[in-house]
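Student: I would like to go through a protein model by asking about its parts one at a time.
Tutor: Go ahead, and we will look at the model together.

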Amino acid sequence: MLGPLLFKLFINDTKLCSTVQSMEDVHSLQADLNTLSDWASTWQKSFNVDKCKVMHFGSNTLCSSYVLGDVTLGESLIENDLGVLVDGRINNSIQCQSAASKVTRILSCIKRGMDSRGRDVILPLYKALVRPHLEYAAQFWAPVHRKDALQLEKVQRRATKLIRGMEGLSHEVRLKELNLFFIVLRRDI
């Protein structure tokens, strides 16, 4: 017997979730979709079926397709939900990579766009433009693997090195001088 599976349907901005353990659960979920389709028809509304996706959570997936109206819904491996990348394995590495990539681009813009490398310029820019991306919804996607935490800390290391006079200091000393914490420890405070 298959263990419990969670299927999540992303319908525009509506999430329809169901735990699927048997074919009866599949039929029940399809009935919910039919009810949703009937509601849309009654109120003369329509769903953008291209944006409607099915995501399977869990390792043992029950292969079944779902229909909304007359259209079979596509499957999604990764979805962006409120700015957080979610995959079927609930793996946070994708979100960590995305956040690190985004803030690396922001740091690059700061480096190219600012003539002054003084602490009074770079530190407020870091706190206002970079750190929010590293901390956004971190309670949900906080890195669990060491490599992900190191990837995020690498960004902070790069930012603190931008400050004039801090280039030769160790990362720990720079953090102490700037009154900053390691990214992972900051979530615990």
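Student: How many helices and strands does the protein chain have?
Tutor: The model is a predicted one. Its helices and strands are DSSP runs, numbered from the N terminus. The count for the protein chain is seven helices and eight strands.

Student: What percentage of the residues of the protein chain count as buried?
Tutor: A residue is buried when its relative accessible area is under 20%. The protein chain has 189 residues, and the share of them that count as buried is 37%.

Student: Among contacts between residues at least 6 apart in sequence, what percentage join residues at least 24 apart?
Tutor: A contact here means heavy atoms within 4.5 Å. Of the contacts in the protein chain that pass the limit of at least 6, those that join residues at least 24 apart make up 57%.

Student: Which element gives the largest share of the largest nonpolar core?
Tutor: The largest nonpolar core has 27 residues, and Tyr126, Val130, Leu134 and Leu152 are those with the most contacts inside it. Elements that give two or more residues to this core are β3 (53-57), β8 (84-87), α2 (93-113), α3 (119-135), α5 (146-161) and α6 (171-178). The largest share is seven residues, and the element that gives it is α2.

Student: How many residues are in the second, separate core?
Tutor: Val26, Leu29, Leu62 and Tyr66 are among the residues of this second core. Its size is 10 residues.

Student: Are α2 and α3 roughly parallel or roughly antiparallel?
Tutor: The axes of α2 and α3 come within 9 Å and cross at roughly 160°. Angles over 145 degrees count as roughly antiparallel. The relation of α2 to α3 is therefore roughly antiparallel.

Student: How many nonpolar residues are in the contact of α2 with α3?
Tutor: The crossing of these two helices, α2 and α3, is right-handed. From α2 the contact takes Ala99, Lys102, Val103, Ile106, Leu107 and Ile110, and from α3 it takes Ile122, Leu125, Leu129, Val130, His133 and Leu134. One residue of the contact is polar and one is charged, while the nonpolar residues number 10.

Student: Is α2 roughly parallel or roughly antiparallel to α5?
Tutor: The axes of α2 and α5 are 9 Å apart, and the packing angle is about 10°. An angle under 35 degrees counts as roughly parallel. The relation of α2 to α5 is therefore roughly parallel.

Student: How many charged residues does the contact of α2 with α5 have?
Tutor: On the α2 side are Ser93, Cys96, Gln97, Ala99, Ala100, Val103, Thr104 and Leu107, which meet Lys147, Asp148, Gln151, Leu152, Val155, Arg158 and Ala159 in α5. By class, eight residues of this contact are nonpolar and four are polar, and the charged residues number three.

Student: Is alanine 100 buried or exposed?
Tutor: Alanine 100 lies in helix α2. Leaving aside neighbours within four places in sequence, alanine 100 is in contact with Gln151, Leu152 and Val155. Its C-alpha atom is separated by 5.8 Å from that of leucine 152, 52 residues apart along the chain. Because its relative accessibility is 5%, alanine 100 counts as buried.

Student: Are α5 and α6 roughly parallel or roughly perpendicular?
Tutor: α5 and α6 pack with their axes 10 Å apart, at an angle of about 70°. Angles of 65 to 115 degrees count as roughly perpendicular. The relation of α5 to α6 is therefore roughly perpendicular.

Student: How many charged residues does the contact of α5 with α6 have?
Tutor: α5 passes α6 in a left-handed crossing. The contact is made by Glu153, Gln156, Arg157, Thr160 and Lys161 of α5 with His171, Arg174, Leu175 and Leu178 of α6. Two of these residues are nonpolar and three are polar, and the charged residues number four.

Student: Is glycine 165 buried or exposed?
Tutor: Glycine 165 is in the loop between α5 and α6. Its relative accessibility is 55%, so glycine 165 counts as exposed.

Student: Is glutamine 44 buried or exposed?
Tutor: Glutamine 44 is found in the loop between α1 (23-42) and β3. It has a positive phi of about 50° although it is not a glycine. Because its relative accessible area is 76%, glutamine 44 is exposed.

Terms used. Residues numbered from 1 in each chain as written. Predicted model: local features only at pLDDT ≥ 70, side-chain atom pairs only at ≥ 80, totals over all residues. Heavy atoms only, no water. Core = buried A, V, L, I, M, F, W, Y, C linked by side-chain atoms within 4.5 Å. Buried < 20%, exposed > 50% of the residue type's maximum accessible area, 1.4 Å probe, protein only. Helix = DSSP H or I, 4+ residues; strand = E, 2+ residues; numbered from the N terminus. Axes fitted to C-alpha atoms, helices over the stretch in contact; angles between N-to-C directions. Left-handed = near helix turned anticlockwise from the far one by under 90°. Nonpolar A, V, L, I, M, F, W, Y, C, P; charged D, E, K, R; others polar.
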